[in-house]
Number of protein chains: 2
Amino acid sequence: MKQSHKFLYSAFLPWTDLGNGVRRQIMGYNDDIMLVKVEFKEGGTGALHQHPHTQSTFVASGIFELTIGKETRIIKPGDGFLAPPNVAHGVVCIEKGTLIDTFSPIREDFLT
Amino acid sequence: MKQSHKFLYSAFLPWTDLGNGVRRQIMGYNDDIMLVKVEFKEGGTGALHQHPHTQSTFVASGIFELTIGKETRIIKPGDGFLAPPNVAHGVVCIEKGTLIDTFSPIREDFLT
C-alpha cells in the first residue's frame with residue numbers, strides 16, 4: 001500500500017520539468033488516488049493522450065483550450081473536466097496557469 | 001456506470017448550501033472519482049468526520065486549520081491534504097476560501 005504524507009505543503013514538494021513550458025508537482029497519493037499540480041506557461045501543451053485511469057481536473061488559474069475526444073472548448077478558473085478511462089484528452093495553455101489533476105487509481109508511471 | 005458531463009463549467013453547476021458558512025458544488029464524477037468544490041466563509045467548518053473513501057484536497061484559496069487524526073496544522077493556497085480511508089479529518093476556515101475535494105470512489109451519498 002503506497003501512501004504519501006497526509007499534510008501536503010507545496011513549498012516542500014519537488015517539481016519535475018516536463019518541457020514545452022510545463023512542470024509537474026506530485027502532491028499526494030495512495031493506491032486509490034493521486035493529486036498532481038501542473039503549471040503551464042502560455043503556449044505550454046499537454047499533448048492529446050489517454051490512459052486507463054480516470055482523471056478529474058480543476059482549473060486553479062489560467063485559460064486553457066481543452067480537447068476531449070473530438071470536442072474542443074475553452075475552460076477558465078473554477079471550471080474543470082472529467083476524462084473517463086481511455087478517452088483521449090489534451091490541453092493548450094492560452095493564458096499561463098495551473099491545473100489540478102486527480103487520477104484514480106494512482107499513476108504508478110509518475111513515481112518511476 | 002455513473003458519469004457526469006466531461007466539460008465542467010462552474011457557472012452552470014448548482015450549489016448546495018450545507019449551513020455553517022459552507023456550500024458545495026459537485027463538479028464531475030464517474031464511479032471511480034468525484035470532484036467537488038467547497039466554498040467556506042470565515043469561521044465555516046467541516047466537522048471532524050471520516051468515510052471509507054480516499055479524499056485528496058487542494059486549497060484553491062483561503063486559509064484553513066486542518067485536523068487529520070490527532071494532528072492540527074494550517075494550510076494555505078497551493079497546499080493540500082490526503083485523507084486515507086477511515087481516517088478522521090476536518091477543517092476550520094480562518095480566511096474565506098475554496099477547497100477542491102476529490103473522492104475515490106464516488107460519494108454516492110452526495111447524489112441522493
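**Group meeting: a predicted two-chain model**

Let me begin with one pair of residues: in chain B, B:Thr16 stands opposite B:Arg24, which belongs to E3(B). The strands concerned are E2, residues 16-19, and E3, residues 22-29, of chain B; they run antiparallel and are joined by three bridges. Together E2(B) and E3(B) make a hairpin with two residues between them, and in its turn B:Asn20 has a positive phi of about 55°.

Please keep in mind that this is a predicted model. Its scores are ipTM 0.97 and pTM 0.97. For chain A the mean pLDDT is 97, with 100% of the residues at 70 or more.

I turn now to the relation between the chains. The same surface serves both copies, since 100% of the contact residues of chain A recur in chain B.

Next, the interface. Here 28 residues of chain A are in contact with 28 residues of chain B. On the side of chain A that touches chain B, the elements giving two or more residues are strands E1 (7-8), E3 (22-29), E6 (54-68), E8 (80-83) and E9 (89-104). E6(A) provides the largest share of that side, five residues. By type, the residues on this side of chain A divide into 13 nonpolar, eleven polar and four charged.

Strand pairing also crosses between the chains. E8(A) and E1(B) run antiparallel and are joined by two bridges. Within E1(B), B:Phe7 is the bridge partner of A:Phe81. In the segment before strand E1 (7-8) of chain B we find B:Ser4. Is B:Ser4 buried or exposed? B:Ser4 is buried, because 21 other C-beta atoms lie within 10 Å, and 20 or more is the criterion. Apart from neighbours within four places in sequence, B:Ser4 is in contact with A:Leu82, B:Gly28 and B:Tyr29.

In soluble globular proteins, nonpolar side chains tend to be buried together. Beyond its neighbours within four places in sequence, A:Leu35 has contacts in both chains, including A:Met27, A:Tyr29, B:Phe58 and B:Thr102.

Finally, some remarks on backbone geometry. Most residues other than glycine have a negative phi, and most peptide bonds are trans. A:Asn20, in the loop between strand E2 (16-19) and E3 of chain A, has a positive phi near 55°. A:Asn20 is partly exposed, with 13 other C-beta atoms within 10 Å. B:Asn86, in the loop between strand E8 (80-83) and E9 of chain B, likewise has a positive phi, of about 60°. B:Asn86 counts as exposed, because it has 10 C-beta neighbours inside 10 Å.

Where are the cis peptide bonds that I wish to mention? One joins A:Ser104 and A:Pro105, with omega about -5°; another runs from B:Ser104 to B:Pro105, with omega near -5°. A:Pro105 is found in the loop between E9 and helix H1 (108-111) of chain A, and B:Pro105 lies in the loop between strand E9 (89-104) and helix H1 (108-111) of chain B.

Methods: Residues are numbered from 1 along each chain as its sequence is written. Chains are lettered from A and ligands numbered from 1 in the order in which they are written. This is a predicted model: local features need pLDDT of at least 70, side-chain atom pairs count only at pLDDT 80 or more; totals for chains, interfaces and linings use all residues. Two residues are in contact if their C-beta atoms, placed from the backbone, lie within 7 Å. Helices (H or I, at least four residues) and strands (E, at least two) are DSSP runs, numbered from the N terminus. A residue is buried if 20 or more other C-beta atoms lie within 10 Å of its own, exposed if 12 or fewer, and partly exposed in between; C-beta atoms are placed from the backbone. Ala, Val, Leu, Ile, Met, Phe, Trp, Tyr, Cys and Pro count as nonpolar, Asp, Glu, Lys and Arg as charged, and the others, Gly among them, as polar. Two strands pair if DSSP finds at least two bridges between them. pLDDT is the predictor's confidence in each residue, from 0 to 100.
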